[in-house]
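Trainee: I have this structure open and have not looked at it before. Can we walk through some of it?
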Amino acid sequence: MPKHLYIETVGCQMNVLDSEMVVADLRKRGYELARDLAAADVILFNTCSVREQAENKTYSALGRLRSFKKQHPEKIIGVMGCMAQKDQQLVFNRAPYVDLVVGPGQLARIPDLIDEVTAGKGQQMAVSMGRKDGPIAEIKRSHETFDPLRDPTMRPTPFQAYLRIQIGCDKFCTYCIVPMTRGPEQGRPPEQILAEARVLADQGCKEITLIGQTVNSYKHTSGGKTTRLSDLLHALHEIDGIQRLKFVTNFPKDMTDDLLVAVRDLPKCSSYLHVPAQSGSNDVLARMKRGYTVEDYREMFGRIKATIPAAAVTSDFIVGFSGETDDDFQKTYDLVAECRFKNSFIFKYSERPGTKGAELYADDIPFEVKNRRNNDLLELQNRISEQDSQRFLGQRVEVLVEGASDRAKTRGEDAGDIIQLTGRTNDDRIVVFDGNPRLIGEIIPIAIYDVSPHTLFGAVVTQEVGCDSGLPLQIA
Ligand code: 5AD
Ligand code: SF4
C-alpha cells in the first residue's frame, strides 16, 4: 500500500522549489500525493518567517489540527521551512502534537525522520546551526542545498521550472530573518546547475527561472576560476530546448554591467529584472543596512535602462520601517513615481525577533500609518502599471501558455472546449486569452486588445493577413 503525503506551502519561490524537491524525494520512496488531510499519512507544512502574519497563519493551521491528531494519532505532522528553523523547539511547545520540525537546510533527512517517528522514537527535529554557532565551514555544511533528481510531474507546469543556483544570504538587512533561517550565502557549482538544466530540458522544460536570495551576487570559485551569473547565463543559453531564462531576486549593488550586457545580448534571457529598492530614503536605507543610497539605486536603474531600454523592472518596498517619517515616505513615493516600475510589491514592516532591526530599533510606526502609506504607494504603483500596460494595446506579444486561467478553473470550463487560458510574456507580463487547451506549454503570438494594471487581455494570432491594427483575424 503506498503512503500518502499532503503538503501545504507558503512563502517564496525557494519554498515552492523545496516542496517540489521533498515531494519528489518521498515519491521515490513510494509516496503518493493526497488531495486532503483525511487521505494523508504524512502532513507537511512548508513555512515562511519573513512576516509575522505568515507565521500566525501557520500556527492557526496547526491549531486546527489539534483535535484531528487526537482522532488520528497515527498520522505524522511535520513543520518544515524557515519557521521550523527559526522557532525550533517552540513549534513543539505551541503544538505538542507535531512530530517533525525540519529546517530548510536539512530537508534531505525528512524520509529518515518520518521512519523514526513511525518506529515510535517520538518527536524529531533537524535544524541547521545558527550564524554564530561555530566555524563558518561547519555552519555552511549544516545548511545543505537540497536538489535531488527532478521530477516533471511534481511541477505545476512541466515546461517551467525553478532552478536553485544559490542558497542563503550574507547581506543581513536589519529587517530580514532570511540570513538566519537559510544560513550563509553559498553558490552551487556551475557544473551541477548546468547538469540540472540539461535534465530539465530533456524533460521538456522550456523556461527556467534561476533562483537565489540575491541571485545576481552568485559566484562560484573552483580551480582558480570564478563563475558569475552572467557566465552561467551564457552557458545555459547553449542548451537546446530551453527557450527562456529568468532570474530572481537581484540585489541592487550587484547589478553589474557584465550581467546587463548578457541580458541584452542573449535572446533567451528575459528582460524582466526584479531589483528591490526597499525605500527611497537614505536614512531608512542606512537603518535597513542595505549598503546603498538612493543615488546608487538611481545610477543602477539608469544603467539598466541605458543597456536594456525595454527592461521591465520591478521592486519591493517596505513601508513603516522603524523611524520612517512622512518625509522619508515621500522620498519612497517619489522614487516610485520617477522609476515607473512595471510593478512593486509593497509590504508593511513586520518586526522579526532575531534580526538586528528588532534588537536596535523600535517598531514605532502605528499600524494606521503603515496601512495608509501602503495604500498610497499601491495606488501610485497601480496607476503606473496601468499606464505601462497601455503601451501594449494593439501590440503582439509572445506568450508561454501556462494553463487555464483562474476564471476557467472556478467555472470548471471543460478541457475539451475553448477555454480562458493564461500565460506570460518574456518580460513576465500576465496575458489572458481564449484558446484550446492543447496550446498549453506552447509559445504563441497573442494580439492585445485590452489591459488592466497587471494583466493584458488578448487573442491568439493564427494568421497574418495585412491588418494595420495588428489585431487577430481568427481565433484558435
Ligand atoms: N517586514 C516586512 N517586509 C519584509 N520583507 C523582508 N523582511 C520583511 C519584514 N521584516 C520584504 C522585503 C523583501 C520581500 C521578499 O519581503 O521587501 O524584498
Ligand atoms: Fe533578506 Fe536583505 Fe538577504 Fe534579501 S538581501 S534575503 S532582504 S537579508
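This is a predicted model: local features need pLDDT of at least 70, side-chain atom pairs count only at pLDDT 80 or more; totals for chains, interfaces and linings use all residues.

Trainee: Why is α1 described as largely enclosed by the rest of the structure?
Mentor: Because twelve of its 16 residues are buried. Among them are Met 14, Leu 17, Met 21, Val 22, Val 23 and Leu 26. Asp 18, Glu 20 and Asp 25 are also buried in α1.

Trainee: Changing topic. Which residues surround ligand 2?
Mentor: Three cysteines are in the shell, Cys 169, Cys 173 and Cys 176. Lys 171, Phe 172, Tyr 175, Val 178 and Pro 179 are there as well, together with Gln 213, Thr 214 and Arg 290.

Trainee: How do the residues of that shell divide?
Mentor: Into seven nonpolar, two polar and two charged.

Trainee: You mentioned Phe 172. What is its phi near?
Mentor: Near 55°, which is a positive value in a residue other than glycine. Phe 172 sits in the loop between β8 (166–167) and α8 (178–181). It counts as partly exposed, at 30% relative accessibility.

Trainee: Where is Gln 88, and what is its phi near?
Mentor: Gln 88 is in the loop between α4 (82–87) and α5 (89–94). Its phi is positive too, near 45°, and again the residue is not a glycine. With a relative accessible area of 26%, Gln 88 is partly exposed.

Trainee: Does Ser 217 count as buried or exposed?
Mentor: Buried, because its relative accessibility is 7% and the cut-off for buried is under 20%.

Trainee: Now the helices. At what angle do the axes of α9 and α10 cross?
Mentor: At roughly 35°, and the axes come within 10 Å. Helix α9 covers residues 190–202 and α10 covers 229–237. The crossing is right-handed.

Trainee: Which residues meet there?
Mentor: From α9, Pro 190, Ile 193, Leu 194 and Ala 197; from α10, Leu 232, Ala 235 and Leu 236. By class, that contact has seven nonpolar residues, no polar and no charged ones.

Trainee: One more spot. What kind of peptide bond joins Val 248 and Thr 249?
Mentor: A cis bond, with omega about -5°. Thr 249 lies in the loop between β13 (244–248) and α11 (257–265).

Trainee: And Asn 250, buried or exposed?
Mentor: Asn 250 is in the loop between β13 and α11. It counts as buried, at 2% relative accessibility.

Trainee: What is Asn 250 in contact with, apart from neighbours within four places in sequence?
Mentor: Its contacts include Val 215 and Asn 216, then Met 255 and Leu 259. Leu 273, His 274, Val 275 and Pro 276 are in contact with Asn 250 as well.

Terms used. Residues are numbered from 1 along each chain as its sequence is written. Chains are lettered from A and ligands numbered from 1 in the order in which they are written. Side-chain values use heavy atoms; hydrogens and water are left out. Buried means under 20% relative accessible area, exposed over 50%, partly exposed in between (1.4 Å probe, protein chains only). Helices (H or I, at least four residues) and strands (E, at least two) are DSSP runs, numbered from the N terminus. A residue is near a molecule or strand if one of its heavy atoms lies within 4 Å of it. Ala, Val, Leu, Ile, Met, Phe, Trp, Tyr, Cys and Pro count as nonpolar, Asp, Glu, Lys and Arg as charged, and the others, Gly among them, as polar. Axes are lines fitted to C-alpha atoms, for helices over the stretch in contact, and angles run from 0 to 180 degrees between N-to-C directions. A crossing is left-handed if the near helix is turned anticlockwise from the far one by less than a right angle, and right-handed if clockwise. Contact means heavy atoms within 4.5 Å.
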